[in-house]
Amino acid sequence: MTSHRSHGEQLLKTDGAELCVETFGDPAAPAIMLVAGASASMLWWDAELCERIAARGRFVVRYDHRDTGRSTCCPPGRPTYSFDDLTLDVLGIQDALGIERAHVVCQSMFGGSGLVLGVDHPDRVASLTFVSTSTGADDLPPPRDLAMPAEPDSSDAAAVVEYVVAGARAFAGGSPYFDEAAIRALAERDVARARNYASTLVNHYAVGPDGPAGGGFGDITAPTLVVHGDHDPFLPLPHGEALRDAIPGAELLVLKGAGHDLPEPVWDDFVSALVRHTEGVRS
């Protein structure tokens, strides 16, 4: 049975961008849009994870943000887009694939996209899932010391890979599930595949999140699942708890042993929760 496998990558033209998209599973099944975090290409939603979700009766979409992977690339430090443009790319992909409403899963900084989509475009969102993100409230605990290395010479691919691995190690927060060999292999593929990894490293942080036009987290009406690792050093667990409390009816899944990521040992818990969350919700 291979119905959950990848349909291959394709380049889709949306409003102002060319985005690399890969889909898994039955296009007639409920659609799940996976929105990676800042500086993360589609590869950070592992293909095996996508297949596991698709095997549970979902049509899974992962894609390269602008300035990651094979998608549209701007010069380093000079993005020609806004955070709103990055958010609207989700809807552009849905339009290109003929998806009226999707279950949107947003990670880390791109929880801001989930907020905007949920408040300003509720007709396009069947449900929301926030992974390793926050309300951004001032009274929440700050990041722990992440011991990040100095930024590398972007022309030195080996140095860039080492930097990415060191960053992933720091963001894992001492998780027993951190797999350095797997992360190194992923980083090598990611750096080799990018149009310009120097842009990947900096451009999303140059735009910063925009808020919705219509309100805040309390105005989200879509069914919402919050997913957070109890080892997250960047956004400690109270950030996930605050997000659950801010969204009416939201539920919280705490991933034991996970940091600011989704390591393979927690995939079964994550997939099961996501399937339950998206079961019976009109898409």
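Cys-20 is buried, at a relative accessible area of 0% (buried means under 20%, exposed over 50%, partly exposed in between, with a 1.4 Å probe and protein chains only). This is a predicted model, in which local features need pLDDT of at least 70 and side-chain atom pairs count only at pLDDT 80 or more, while totals for chains, interfaces and linings use all residues. Residues are numbered from 1 along each chain as its sequence is written, and side-chain values use heavy atoms, with hydrogens and water left out.

The closest cysteine sulfur to that of Cys-20 belongs to Cys-50, 13 Å away and too far for a bond. Cys-50 is likewise in no disulfide, and its relative accessible area of 0% makes it buried. The structure holds 0 disulfides, a disulfide being a pair of cysteine sulfur atoms within 2.5 Å.

Turning to the rings, a search of the whole structure finds 3 aromatic pairs. Rings of Phe, Tyr and Trp (its six-membered ring) pair if their centres lie within 6.5 Å; planes under 30 degrees apart count as stacked, over 60 as edge-to-face and the rest as tilted. One of the pairs, Phe-83 with Phe-110, is stacked, at 5.2 Å centre to centre and 25° between the planes. Phe-83 is buried at 1% relative accessible area, and Phe-110 is buried at 0%.

Phe-171 and Phe-234 form a tilted pair, because their planes stand at 50°, with the centres 5.2 Å apart. Phe-171 is partly exposed at 23% relative accessible area, as is Phe-234 at 28%.
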